[in-house]
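Please read the following note with the sequence and the coordinates open side by side.

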Amino acid sequence: MTRLGMQHAGAIFGSAAAWVSTAAYAVNDLPGGPAVNQLNLHPAVTKIAEEQQWLHWFMMIICLVIFLAVFGVMFYSIWKHRKSVGHKSANFHESTTVEIIWTIVPFVIVILMALPATKVLVASKDTTSADLTIKATGMQWKWGYDYIKGEGEGIGFVSTLDSTHREMSDNGGPKKGEEPDDYLFKVDNPLVVPVDKKIRIITTANDVIHAFMVPAFGIKQDAIPGFVRDTWFRAEKVGDYYGQCAELCGKEHAYMPIHVKVVSGEDYAKWVGVKVKEAAAKADDPSKVWTLADLKVRGEKVYGANCAACHQANGKGAGPIKPLDGSAIVLDKDHGKQIQVLLTGAAGGAMPSWKALSDTDLAAVATYTKNNWSNQTGELVQPAEVQAARK
C-alpha cells in the first residue's frame, strides 16, 4: 500500500472510530426537543403545528402520486414501445386536447395545495386577542424576555446557556456516561408561559439577525435589529419545549438555545408572584454607597452570567472580542467611559447594550473588571454614577 493509500485508510478508520464513539453515548430522546435519530417533525403541541404537519404529509403524498404517475407512464412507454420489438416512432405535431388537459390538471392540483396552505399561513399570522405578549430580543448570544402585556407585565430577564453545559463544550463535550439529554439546551432562566393561553411573541434584536424557533409550537420568526416582527402560539400541553436560534448569527450561534416552560394557570400565577418579589429585591437603592469588597462579590456573579461567554473568565477575550484585562477603558479613571459602553454597547453592536441590568449590577460588574486579573486599580463604581449616566 502506498503512503497516500495508508493515509486515506487511516483517515477512514479514524472517522469510523469517531462515529462509533459518538454512537456509544447514552443520550435519550429529549421530551419537547430533538429525539435520537429523529426523521419526522417534532410532536405538535399546538393546533398550528398539527396543521403544518398535516400539510407536510398532504403535500408529500400529492408529490409522490405525481412522481409515480409521470415516471410510471414514461418508463412504461419507453419499455412497451421500444424499437427492439419493432415499434416505430410516431410523427405528429400538436394536440389541442392534450394541451388543455395538461394545463387544467396542474392548475387544479396547485389550487388544491394552495387553499389549505393559505388557510394555515393566515392563521399563523393572526396575533390578535393575545392573552399574554412577550418581547423576545436576540443578542449575541442569548435571549432577553420582557413581559409587556397580560399577567406578569413588567417582568424581564435574560436567558443564557447554562454555564455547566458551556464548560462541557469548552472541554470537548460531555464525558462518556455523563451525557445530559438536554446538552446545550439547558438555560438559566427559561421562558415561562401558561397552558391554553394565546401567547404573542414580538421579536427583535440588538446586534445581528437572529430567529426565534420552537418546532413543537410550529413557530419560527426572524428577529431583526431595528425591526419588530411577531408570531404566536397556544400550547395545549404542560411541559418543557426547546428550540434554538435558527439564523447563523455568529461564532456562538450553537450556544443560543430557547427553553419554554409551559405550566398550569395556577403555577404560572405563583411564578409571577415569585418574579415580582425577586424584582423588588433587586431594585436596590441607587443612592446606597457600597464597599469595594461587596461590589466585587456581586460583580463576579453578574460577569459570570452575562460577560464570561464572550470575554472569557480570564478577561482575555477571544478573536474579535476585545480583552478586559489591561483594557484602557476599564483602567481609565473616568468611569463614564466604561459605563457608556455598558449602557449603549460598542463595536457596531458586537458588544450589546446591558441597560436592562440594574444600576447596582452594572456598577458591580464595572467594579469587578476594574479590580480583577491584572486590573488592580482600587477604583469602584457606585450605582449612583450609573443612574446619572442613564439620564
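1. How many bridges join strand E6 to E7, and do the two run parallel or antiparallel? Strand E6 (residues 210-214) is joined to E7 by five bridges, and the two run antiparallel; strands here (E, at least two residues) and helices (H or I, at least four) are DSSP runs numbered from the N terminus, and two strands pair if DSSP finds at least two bridges between them. Within this pairing, Val214 has Ile219 of E7 as its bridge partner.

2. On provenance, this is a predicted model, in which local features need pLDDT of at least 70 and side-chain atom pairs count only at pLDDT 80 or more, whereas totals for chains, interfaces and linings use all residues. Residues are numbered from 1 along each chain as its sequence is written, and side-chain values use heavy atoms, with hydrogens and water left out.

3. The sheet that holds E6 and E7 is open, has five strands in the order E4-E10-E9-E6-E7, and shows mixed pairing. Its edge strands, each pairing on one side only, are E4 (191-194) and E7 (219-223).

4. Strand E1 (residues 132-139) and strand E2 (residues 142-149) pair in the antiparallel sense over seven bridges, and they form a hairpin with two residues between them. Ile134 has Tyr147 of E2 as its bridge partner. E2 is also paired, again in the antiparallel sense, with strand E3 (residues 156-159) over four bridges, where Asp146 stands opposite Gly156. The hairpin of E2 and E3 has six residues between the strands, and Gly150 in the turn has a positive phi of about 100 degrees.

5. Ser124, found in helix H3 (residues 96-124), is classed as buried because its relative accessible area is 16%, where buried means under 20%, exposed over 50% and partly exposed in between (1.4 Å probe, protein chains only). Its side chain reaches the backbone oxygen of Leu121 at 2.7 Å. Leaving aside neighbours within four places in sequence, Ser124 is in contact (heavy atoms within 4.5 Å) with Ile48, Thr231 and Trp232.

How values were computed: A polar contact is a pair of N or O atoms within 3.5 Å; within protein, one must be able to donate a hydrogen and the other to accept it, and residues adjacent in sequence count only if both atoms are side-chain atoms.
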